[in-house]
Amino acid sequence: MPDTPSPIDALVERMARDMARRVSRRGFIGRVGALLFSTAGLPLLPVARGGQPGPAQPDAATDPGDPQTCEYWRHCATDGFLCSCCGGSVHSCPPGTEFSAVTWVGTCHNPGDGHDYIISYNDCCGESECGRCLCSRHEDDKPLYVPFKANDYNWCPGSKVGGAYHCTVARIVGVAK
Amino acid sequence: MQPWAAQPVVLTPPVQANYMLNCMGCHLADGSGAAGKVPSVRDSLGILSRNSAGRRYLVQVPGASQSPLSDLELAQVLSWMVRNLSTQAVPPDFTDFTAAEVAGYRRSPLVDVRDTRARLLEAAADRVGR
């Protein structure tokens, strides 16, 4: 091996020393910290949460089942993709989608506490179909000619962002019996 | 009560539950509707419920007359709406809708919904203006 470094080694060494003089490790850590912090802040940006969940939420012990499955009791008349599988939850829209306020309302029986809850099936709109957790259950829904009791409609044309349908939530708004 | 004890489930009053199940999907929980698609009932309920022509309209409007509610249930829901969703104070002489009143109006269809509504509200505004 020759004692003098090759021109390429010398160039790389000079560049590394220049960078080490200009860039402090503390500054680098600070920038990484800022990046991490801003990423953590993203979920705090405005998200259409579909209004507040109803006042009468069943308690965790009496709310059996997995909201990411069609068999979950609140989905007894859901016709669409479950928002709980699409980045939202059983009562909130995924980020980037808009809640369709106008929709249909029915009841589902909660086997955990024996009550019939009043459920509002709102669509989340403004993005193309989510495609995950397709659910098609029809307890107590009516044919299309009874529009306010039919779950076959796409309710997104009633939203502020137009007709693109993404997923459906099942919000508790009351307790019927 | 122990802090970990389950909260009792509070049943929604039956009349409000009937509003939720038969009206709220379009008119929303507070009656405000969707601009350009579903009219708000908040400013019109108080006006329309004051005279027989307006009360007839409220019963005959398709969402009400064609709902699966019985005459008594519909009467109760309409009265609840006037008392809970109207932005105006309920007039002291307001009387609740009755099953007989609903039965009397409900069987004859309202063909021209929008014009009837506009005419009634305009007539009410004229009365106020005089």
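Reader: Is Cys108(A) buried or exposed?
Author: The relative accessibility of Cys108(A) is 1%. Buried means under 20% relative accessible area, exposed over 50%, partly exposed in between (1.4 Å probe, protein chains only). This is a predicted model, where local features need pLDDT of at least 70 and side-chain atom pairs 80 or more, while totals for chains, interfaces and linings use all residues. Cys108(A) therefore counts as buried.

Reader: Which residue is joined to Cys108(A) by a disulfide?
Author: A disulfide needs two cysteine sulfur atoms within 2.5 Å. The sulfur of Cys108(A) has a partner 2.1 Å away, and that partner is buried as well, at 2% relative accessibility. The partner is Cys76(A).

Reader: What is the handedness of the disulfide between Cys76(A) and Cys108(A)?
Author: Cys76(A) sits in the loop between α2 (25–41) and β1 of chain A, and Cys108(A) in strand β3 (residues 104–109), 32 residues apart. The torsion about their S-S bond is about -90°, so the link is left-handed.

Reader: How far apart in sequence are the parts tied together by Cys83(A) and Cys167(A)?
Author: These two cysteines are both buried and form a disulfide with S to S 2.0 Å. The torsion of about 100° makes this disulfide right-handed. Cys83(A) lies in the loop between β1 and β2 (98–99) and Cys167(A) in strand β7, so the parts tied together are separated by 84 residues.

Methods
Residues numbered from 1 in each chain as written. Chains lettered and ligands numbered in written order. Heavy atoms only, no water. Helix = DSSP H or I, 4+ residues; strand = E, 2+ residues; numbered from the N terminus.
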